[in-house]
Structure formats: structure tokens, C-alpha cells
Amino acid sequence: MTGELLYHYTSIESLHKILLGDGENIVLRATHANFMNDPDEFEFANKIITKTLLEYESENSVLEKKSDNLFGKGGIFGSFAYLPGEPFILSLSEHQDDLSMWRAYGHDGNGVCIGLDKEMLKSYSEDPEVINTTLLECEYRKEIVENHFRKYWINNYNDFKIEKSEDGRITTGFNDGSIFFSMPKYGFSAKSPSYGSEAEWRLCTNEGKNYQFRTKGNLFVPFIEHKFRKEILKKIVIGPCLNGLQVEQGMRFFLKKFGFPEAKAFIERSQISYRQV
């Protein structure tokens, strides 16, 4: 099943909430991008977008430059991520049972990682009723991201428009509204090489107003919910620091009661030797 699943690392407490869901579906939360573990979440992409935009204008001897009013400090938008609404991300990984992922996202080995069907995730993101949502594989190679946006400006630069109102205010927009969504789609996938070992995929959503809040320490953290049929859940891996036998027994009782698959292979225990000291 390798390659067919994407994995989400979480705590036992969060898994309980995910599986209970809304009673019919499992529910996973996508967190607002400003509250992710990388404090410069979009700076990597923003710098590349700005750099390649300036390159395009220079190489094509553009006289009436649009760059000053698009992105970066003082720009109309500030960041590509906010073009169609607030950015929310559900993080996934290609890695099952990975020590660095357990430490960072799996409650330091005391959590679980769940395997979700990649094709079902893709179909969900392409559903017309699921607005502004895309499943993306992260790209950590700077040169690949730069080449992509060089092509992007060649194809889309002329669709940008900048207008000045009678009171001197500048407004920026697009002749083709789809560009509002295509730039975040590509920008969301650009990730700093420092995080390359995570092999991340992202379910990315831009949402204008239908988000909720949870508390984390002294923070109010915005999130949205993604609801999936139970069939999307293909595997649960129990973390290396847990009592695997006891956790598995309780989990099987839970899964049976709430109508999840009962196949023996559905639950696995981590094969990593790790303890907290």
C-alpha cells in the first residue's frame, strides 16, 4: 500500500475527536497558515514570486511596472496566500512510522499516525462542492519553484491590472479571476528546503468566513473542518512510546463500535525503537 496513502501524525486525544467526527464522517481540522510550525510559512514563496516578477519586468523592459503594487512590503496583497481568502492547511506526509515525524507531530512518540487514501483525498479536493481546496505535493527545491513562477509571469503578467481611483487610491486586480486561485495553488506547495525531510503534502483551502476557533495555550487558533467518509481511513500506526498491546485492544473496541473496518492489518504498531529520556 506504500505510495497509495498519505499520513497524518497526531495525538491519541485528537485521534478520538477525528474518528468520532460528526457521527457519520471522520473530521480533520486544517489550521490557519499563520499558526503552523514554520513562522515564515509563506516567505519562501513570496520572495520567489517577487524575485521572478522583477526579473520578468527587467528582461522584458516593462515601462509601466506593476510590481510595486502587487506583492511584498507596501503591496496591495502583501502575500499570495490571501488572494482568495484566509489560508488553511491540513498537513500530511508520505512517511509512515518516521522517527522525526513522531517527535515533531506524533506527541513525541505517544501519538499515532493515520493513513488516508490519497485518491480519495484528491477526489475530495476536486469535488465542485468543496470550494477553493487543492491537494498539493510540497516542492522544496528552490530552482524548481523559481522556474515555475518564471513561466507563470510569462503567461499571466498581462492579465494583471492596476487602476487609480479619483482620490488617488490604487487598486489591483485581474482580468481573469481564476488567477486569484492559481497563484495560491502553486505558492502553497513551495516550502523551505529545511523541511524537506517531512515529504509533506497539503490539503490547502482558502476560506473567507466559515472558520472556527480552538485554544492552544494563550492563543485563539482559527481552523476549518474537512469531513471524509470513514472509508478514507486505511491504517492506524500506534506510536513507539505507547503500550502497543493495550492501545490496540482499546482501539479495536472503538473501531468496531463505530463501524470502522475490522481487518487485522488496519492497525499496526511502530517498528521504531524509541523511548523518552
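## Second largest pocket

The lining of the second largest pocket consists of 6 nonpolar, 5 polar and 4 charged residues. The model is a predicted one. This pocket holds about 310 Å³ of space. It is lined by 15 residues, and those closest to its centre are Tyr124, Val130, Ile131, Glu207 and Glu225.

Strands E8 (200-207) and E10 (219-228) each give at least two residues to the lining of the second largest pocket. E10 makes the largest contribution, with 4 residues.

## Largest pocket

The volume of the largest pocket is about 1200 Å³. Its lining has 38 residues, with His8, Tyr9, Thr10, Thr31 and Arg214 nearest the centre. Two or more lining residues come from each of strand E1 (5-10), helix H1 (12-20), strand E2 (26-32), strand E3 (86-93), helix H3 (99-105), strand E8, strand E9 (212-216) and strand E10.

E3 provides the largest share of this lining, 5 residues. By class, the lining of the largest pocket contains 15 nonpolar, 10 polar and 13 charged residues.

## Helix H4

Helix H4 spans residues 118-126, and its buried residues include Lys118, Met120, Leu121, Tyr124 and Ser125. These residues lie on the same side of H4 because they cover an arc of only 165° around the axis. An α-helix has 3.6 residues a turn, so residues three or four places apart point the same way.

The face turned away from the buried side of H4 carries Glu119 and Glu126, which are exposed. Among the elements that cover the buried residues of H4 are E1, E3, strand E4 (112-117), strand E5 (133-137), E8 and E10. Tyr124 is one of the buried residues of H4 and is also among the residues closest to the centre of the second largest pocket.

## Nonpolar cores

The largest nonpolar core has 32 residues, and the members that touch the most others are Ile26, Leu116, Leu233, Ile236 and Leu255. Leaving aside residues up to four places away in sequence, Ile236 is in contact with Leu15, Val112, Cys113, Ile114, Met251, Leu255, Phe266, Ile267 and Glu268.

Another core, of 14 residues, lies apart from the largest one; Ala45, Ile49, Leu53 and Val145 are among its members. In soluble globular proteins, nonpolar side chains tend to be buried together.

Technical notes
Residues numbered from 1 in each chain as written. Predicted model: local features only at pLDDT ≥ 70, side-chain atom pairs only at ≥ 80, totals over all residues. Heavy atoms only, no water. 1 Å grid on protein atoms, 1.4 Å probe; cavity = no way out; pocket = protein on both sides within 12 Å on 5 of 7 lines; lining within 4 Å. Points joined across faces, edges and corners; volume = space filled by probe spheres on them. Nonpolar A, V, L, I, M, F, W, Y, C, P; charged D, E, K, R; others polar. Core = buried A, V, L, I, M, F, W, Y, C linked by side-chain atoms within 4.5 Å. Buried < 20%, exposed > 50% of the residue type's maximum accessible area, 1.4 Å probe, protein only. Contact = heavy atoms within 4.5 Å. Arc of directions from axis to C-beta.
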